Each structure stands twice: as C-alpha cells, then as structure tokens.
Amino acid sequence: MKNLAILGSTGSIGVSTLAVVGAYPDRFQVATLAAGGNVDALFEQCLKWHPKMVSVATEADAESLRKRLKENGLGEIEVGFGTAGSVAVAIHPAVNFVVSAIVGVAGLEATYEAVCAGKGIGLANKECLVAAGDLITEEAARRGVALLPIDSEHNAVHQCLRGGRMQEVEKIWLTASGGPFRNTPASEFAGITVERALNHPTWKMGRRITIDSATLMNKGFEVIEACRLFHLPPAQVDVIIHPQSTIHSLVEYNDGSILAQISVTDMRLPILYALTFPDRIGSDLRFDLKQLQRLDFQNPDLGKFPCLRLAYEAVEAGGAKTIALNSADEIAVAAFLEGQIGFLDIPRVVECVLEVTSTLRPASIAEVVAYDAEAREEARRQVANICTRAVASR
Ligand code: MG
C-alpha cells in the first residue's frame, strides 16, 4: 500500500493524483494533503479522503479550516500552515510516498525534507529541480531515494531510458506543443493579451504554467529539469516543436535508434507510472493509434521565444542563475497576468535579473531561498521600471 502525501492537492496535478488514488483504492491511500489558499476545496478533500494531516498557506486559513473540520466531526485531522506545515505533511510518519506538485519554490523545502526523510518522490514541481536541482538529486542519490518525474516529458524520457544504458544516450529530445503562438508572426507578439496567452491548445493547466508554455519558458525549465534529473549537459538535451503533442518525448541512442513514448494527453498516466514504478499496472487510459493522422516536427524559433534561449544560458552558466530564472519569471508572469507589463516584457525582466545574478552555487536550501528572494526583489524593480516608463510615454 502506498500512503501518499500530496503537496498541492487542490491544483490540477493534485486533483489528477486523487483521481488515480480513487481508481485504485487497494493500492493507494491518502495520508496527508497540503494546499495553498483554496481552503474550500481542501475542506471537501478532507470530507472525502479523511487525511491524517493537512496544511494551508496561512495561520488564519488554518484556524478557520480547523473550526469547520471540528463542526463536521473531523476534529482529529491535524491542520498546519506555511512552510512548516507543508514540511510536516511531507515527512509525516504515515507517509511513504510524496507527490510534489506545489507550484513555485513554496514546495521546495517540503520536497527536500521528504528526500532527506527517505520518502519516495513523484516530482511534478519543476522549481525543485530548476532552483535546487543539484542539492535534491545529490541528497536523493545519497539516500537511495528514487525521484520519479511526473512532468509528462520527463516521464516519457524516464520510460524511454529503460531501453538502453545512460552511457549509450546520445541525446534527449523534449517535445513542445509550441503553445498558442507557434504560428503567430513576431510582429504581433507585443500585442498579445492575457486572454489569448491563457488559451493553450493541448493541455488544461494552471495560469502560470499556461503562460510559461506560451513563452516556451516552461520548455526551458524542462531542459534544466532534464539536465539535472538525467545528469546530462545542456548540449545533450534538445527541444523539438511537435504541435500534436502525441509523442511526449524521445531518447536518441548512439546506434541511431530513437525511442519515443506515446500515450493519451492525460496527466493521470505519468502519475500512475510514478506511483507504480518499477511495475506497470492496467489502466483504461488508452491511446487509439488508428486515430493518429500525422506527426509534425520543427525547430523552435529562439528569436520569437527568447525565454528558451535564456534557460539554456542560465543552465550553462550554472550557480544561482537557474534560481533567478525561475523567480524572475514567476514575478514577470504575475505582472503580465495583472496587466502591468506586456507579453514581451516577460523575457526582458528575466534577462535583466539574470545579468545581475551570481554564478555561485548555493550550498543549502536556505541559500536557494535567499537567492530566490533576491531575484524576486530585482524582478519587482524591473517590473516597476517598465510601468514607470509606460506611464511616462503616455
Ligand atoms: Mg511538461
């Protein structure tokens, strides 16, 4: 029996994970849950799954949730909050497997502590590997903890890597749908609205990751994630635009063989794979090969999508650069969603922040958090500069 902690239980990965748990009640059980500000959804999950402990973002939310649980006869569910709360959820003694799906660096400490506590990890939080990749993978190797990727591309790579040895790998190909602006001329990019950017062709996801998919920053994060997870230099991790998103990624071997993974575009599949590895178990997530019409591939346009270039530069330079890449992007995307800056300002903000970021490698999670805070502050300054300039030019 796998007893799960789900970090980010009310987000899209969290909800899909609970759907998998519900489909295999004899294999998986909910032990603990951590959410952010969506207390109503977490309350409903408590009613349904009876976890031993839950955690929310703030003390005030924890207080009100505690009261509601008590009124509904669930007063025995422990309620924590903040980073300490999500760490307690992750390392709870009843937990033997952690699904890490809190978006942003908020999930970083909880995931790291879970690795240190020897829990199995299903990793859907990109920031863990982007911001603190070496720290987490080194600790996992030391403790013999398996880090199983839930991100669809890395999950596909993980599957394809079972077809050969690491030293035989020539290259990893990460596929990208290309987002909603694959065919949009560069001249229209300045006028891209929030509504258009939120309209992703293939996947239904959270708001930040949808924007990150539209700028290809998400693919840039995935390049970094792949370098760290599979211990490969950036030169061996390539991105290929594949609009149908049928192939989730590929591995090219030294003899010229290329292995690809195909399945339905449904996150329940990579979640199920991570939860059952090294086994595979039956599912109803079938892909109908006869419906497959065509597979197209093209090179990404780094001129139109500078975020992807910035990600390669950050991982090449190393140190705190990948932390800053993520933090600056988070601030810039939030500012774009609030209508403060334009679509093209997102890479501008990130590039300015990267320029002033150290190439020193963080030695601890505390240092990662400090670099993160520094980069956020710099990104806010850059956003403010852009807003000031926009007002002045009116
Ligand atoms: Mg992905």
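## Domains

Domain bounds here come from an automatic or database domain assignment. In this predicted model, that assignment divides the chain into domain 1 (2-149), domain 2 (155-264 + 285-316) and domain 3 (318-394). The centres of domain 1 and domain 3, taken over C-alpha atoms, are separated by 28 Å. These two domains also meet: twelve residues of domain 1 are in contact with 13 residues of domain 3.

Seven of them form an open sheet in the order 4-3-2-1-5-6-7, and the pairing is parallel. Strand 4 (78-81) and strand 7 (147-149) stand at the edges with a single partner strand each, so one side of each has no neighbour in the sheet. On average, and ignoring direction, neighbouring strands of this sheet are turned by 25° against each other.

For a look at one pairing, take strand 5 (residues 97-100) and strand 6 (residues 120-123), which run parallel and are joined by four bridges. Here V99 stands opposite G122 in strand 6.

## Helices across the sheet

Helix 3 (residues 59-71) lies across strand 3 (53-56) and strand 4, and runs at about 170° to strand 4. Helix 4 (residues 82-91) lies across strand 1 (2-7), strand 2 (28-34), strand 3, strand 4 and strand 5, with an angle of about 150° to strand 3.

## The magnesium site

Which residues coordinate the magnesium ion? D151 (OD), E153 (OE) and E222 (OE) do, at 2.1 to 2.3 Å. Along the chain, the donors follow the spacing D-x1-E-x68-E. E153 belongs to helix 7 (residues 152-160) and E222 to helix 10 (residues 217-230), so this pair ties together parts that are 69 residues apart in sequence. Both E153 and E222 are buried.

## A buried glutamine

Our last stop is Q261, a residue of strand 11 (residues 258-262). Is Q261 buried or exposed? Its relative accessible area is 9%; because buried means under 20% relative accessible area, Q261 counts as buried.

The side chain of Q261 makes a polar contact with the side chain of S263 (3.1 Å). Leaving aside residues up to four places away in sequence, Q261 touches A156, Q159, C160, T246, I247, H248, S249 and L269.

Methods:
Residues are numbered from 1 along each chain as its sequence is written. This is a predicted model: local features need pLDDT of at least 70, side-chain atom pairs count only at pLDDT 80 or more; totals for chains, interfaces and linings use all residues. Side-chain values use heavy atoms; hydrogens and water are left out. Donors are N, O and S atoms within 2.8 Å of the metal (3.2 Å for Na, K and Ca); water is not among the atoms, so sites may look incomplete. Helices (H or I, at least four residues) and strands (E, at least two) are DSSP runs, numbered from the N terminus. Buried means under 20% relative accessible area, exposed over 50%, partly exposed in between (1.4 Å probe, protein chains only). Two strands pair if DSSP finds at least two bridges between them. Axes are lines fitted to C-alpha atoms, for helices over the stretch in contact, and angles run from 0 to 180 degrees between N-to-C directions. Contact means heavy atoms within 4.5 Å. A polar contact is a pair of N or O atoms within 3.5 Å; within protein, one must be able to donate a hydrogen and the other to accept it, and residues adjacent in sequence count only if both atoms are side-chain atoms.
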